[in-house]
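Subject: Handing over a structure, with notes

Dear colleague,

I am passing on a structure to you, and I would be glad if you kept it open while you read the notes that follow. Please take your time over each part.

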Protein chains: 2
Amino acid sequence: MKGFKAVILAGGSGERFWPLSTPERPKQFLSVFGGESLIRQSVSRLGGLAGPGDTFVVTSHALAAATVAELPELDRSHVVGEPMRRDTGPAVALGVGIAAPEGDPVVGFFPSDHLIGSPARFRATLRKAIALARKGESIVVIGIMPSYPATAFGYVDPVKGRFVEKPDLAKAKRYLKAGYLWNAGMFIARASVFRRALELCAPALAGLAAPGGVSVRALGAAYEPLPRISFDYAVMEHVSRGVGGLGVAVVPGDFGWDDVGGYGAFDKYYPHDADGNVREGECRAVDSSGNICVARAASISLVGVKNLVVVTTRDAVLVADKSHLSEMKRLFK
Amino acid sequence: MKGFKAVILAGGSGERFWPLSTPERPKQFLSVFGGESLIRQSVSRLGGLAGPGDTFVVTSHALAAATVAELPELDRSHVVGEPMRRDTGPAVALGVGIAAPEGDPVVGFFPSDHLIGSPARFRATLRKAIALARKGESIVVIGIMPSYPATAFGYVDPVKGRFVEKPDLAKAKRYLKAGYLWNAGMFIARASVFRRALELCAPALAGLAAPGGVSVRALGAAYEPLPRISFDYAVMEHVSRGVGGLGVAVVPGDFGWDDVGGYGAFDKYYPHDADGNVREGECRAVDSSGNICVARAASISLVGVKNLVVVTTRDAVLVADKSHLSEMKRLFK
């Protein structure tokens, strides 16, 4: 689509699918769902709207080479590695810089590690969002039609264009009744709108968005003093309050979106045996039920266990209770 | 000790310590307790009573080479591999044949995969047993002083010399009150007494006990028609009823005996961390307690799990609930 540039944000850390994913091969490189890796799918589903010449990736310095290898059709200069992790605020700013070195294209930002069940419906939604972004002074957000009162996502009020943080369950239920949508981290706007918003709301980040971005040699010095801040906090919360006459427009989407947030996704997308176990690879189960068993290296034998996640790779074995998956992050401290 | 020959019975199948032990490296080759392998310890603790020239091993054909490698001081001809598994009845008969090709020595049979805390006390007990065997018409049994009402062992009544099978808990408690001892599968008698007992009680096995045993070439044909039968059932139960004027004599022993029956032994012999986990190798635990974690290959990370046995080798991972360890045998059907 002429005048549209896509930027894939690929800065995942790989903790929630460890050891299948690792800091060296985070979630976006996983290929468990649908054969292709999640980042490969993220690029492919833009087909027709943004081809390789119009697609960019902002990732970490350490993952740049692996990303180029995974997406060989992209020009190497379209894959930029951030020198350090500073959350999505700086990443979006840098993305605007590299994707819009000239002119005033519409730039869209998309996570690299989400799953979308219907790419065709996604593209139809995105077309609407691009059209809306092109004519206005808004940052357009694709809001996902929620299927349950999730507490793991932020929400967006489609009428007021207001962002709200991850709620507790009671709030989430109220949000659903009120017609709020999930914030899936997809932002679409003209480059000039992004730049103006950054200057107004997060001037420290605005330099990264300058046409042509920042040279690779200067990136380290540019990132070092930056705070870790998400684009939601740095910019969207302010814009949604009408700062500088800018606004948020919400395009609802219903295309089978899933953030593939952790091992629970296996229960969602994989078939189960008669005892409710999901098995991949050589997994044997005796008197065991409700387990997720993924054998990528040594075979796994389960005896008398319930509701566990058991994963083997050549280097590591994870044995976690499904109800304690949120504690996995303590393994990485 | 002059006129004494020791036969180590080493026919284990390796199921209860799988995957640390395997059919190719069953329990007697494990070295988890005390550094040396259990079979190595079994031979070493006979030192002073039976040296290499007086020590024999009956194992399976498949394990003969590994056994010779583990016990290089033994003459190769002292390690005999049974062509098929027929339980301890035929193994004892064959052991008498190879250990007593001439004369009428006292022959003692010992399991290869048990643990003995005090080898010195064991040897003192064994000396008594050998002396008793030398002068009499009895098969001498070393009865272990029980430390709890075990249901996993057979018992022997030391007064009547009677054998009783593995009891339920109520019976086991009665046996303890009555002064019964554990049957640890150690039998000591003159070769001539073993031979007479076999002829009277299990004539099908008597040929194996002929002086010099059976040639290796003839073993296959000799074993093929034999039933699977333990020495306890084939011979000791009859002898304990006075068949042919033979009898059973019981020498009590208290030398820290343990049959190392399964992973529970790790809880018994290894130190625990503050959360009651036993860890060997690279094991991390988050909010996890009461686990036995043995990492021989890939590292193990436990998250929110309790009372599991988790073992990794290069080829296999076991995740079993401690209360379901008896079901492990279903993995091998």
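An open sheet of six strands, with mixed pairing, runs in the order β13(A)-β15(A)-β17(B)-β16(B)-β14(B)-β12(B). Strands here (E, at least two residues) and helices (H or I, at least four residues) are DSSP runs, numbered from the N terminus, and two strands pair if DSSP finds at least two bridges between them. At the edges stand β13 (283–286) of chain A and β12 (278–280) of chain B, each with a single partner strand, so one side of each has no neighbour in the sheet. On average, and with direction ignored, neighbouring strands of this sheet are turned by 5 degrees against each other; the axes behind such angles are lines fitted to C-alpha atoms, for helices over the stretch in contact, and the angles run from 0 to 180 degrees between N-to-C directions.

Before going further, please note that this is a predicted model, in which local features need pLDDT of at least 70 and side-chain atom pairs count only at pLDDT 80 or more, while totals for chains, interfaces and linings use all residues. Residues are numbered from 1 along each chain as its sequence is written, and chains are lettered from A and ligands numbered from 1 in the order in which they are written.

Where do the two chains meet in this sheet? Strand β15 (residues 299–303) of chain A runs parallel to strand β17 (residues 316–321) of chain B, and five bridges join them; Val303(A) stands opposite Ala320(B) in β17(B).

The contact between the chains takes 30 residues from chain A and 30 residues from chain B, where two residues are in contact if their C-beta atoms, placed from the backbone, lie within 7 Å. On the side of chain A that touches chain B, the elements that give two or more residues are β13, β15, β16 (308–312) and β17 (316–321) of chain A, and β17(A) gives the largest share, six residues. By class, this side has 16 nonpolar, seven polar and seven charged residues, with Ala, Val, Leu, Ile, Met, Phe, Trp, Tyr, Cys and Pro counted as nonpolar, Asp, Glu, Lys and Arg as charged, and the others, Gly among them, as polar.

Within chain A, an automatic or database domain assignment gives domain 1 (4–258) and domain 2 (265–332). Their centres, taken over C-alpha atoms, are separated by 31 Å, and seven residues of domain 1 of chain A are in contact with 11 residues of domain 2 of chain A.

Finally, the axes of helix α6 (residues 191–201) of chain A and helix α9 (residues 231–239) of chain A come within 9 Å and cross at roughly 100 degrees. That makes α6(A) roughly perpendicular to α9(A), a term used for angles of 65 to 115 degrees.

With best wishes

Technical notes
Angles under 35 degrees count as roughly parallel, over 145 as roughly antiparallel, 65 to 115 as roughly perpendicular and the rest as oblique.
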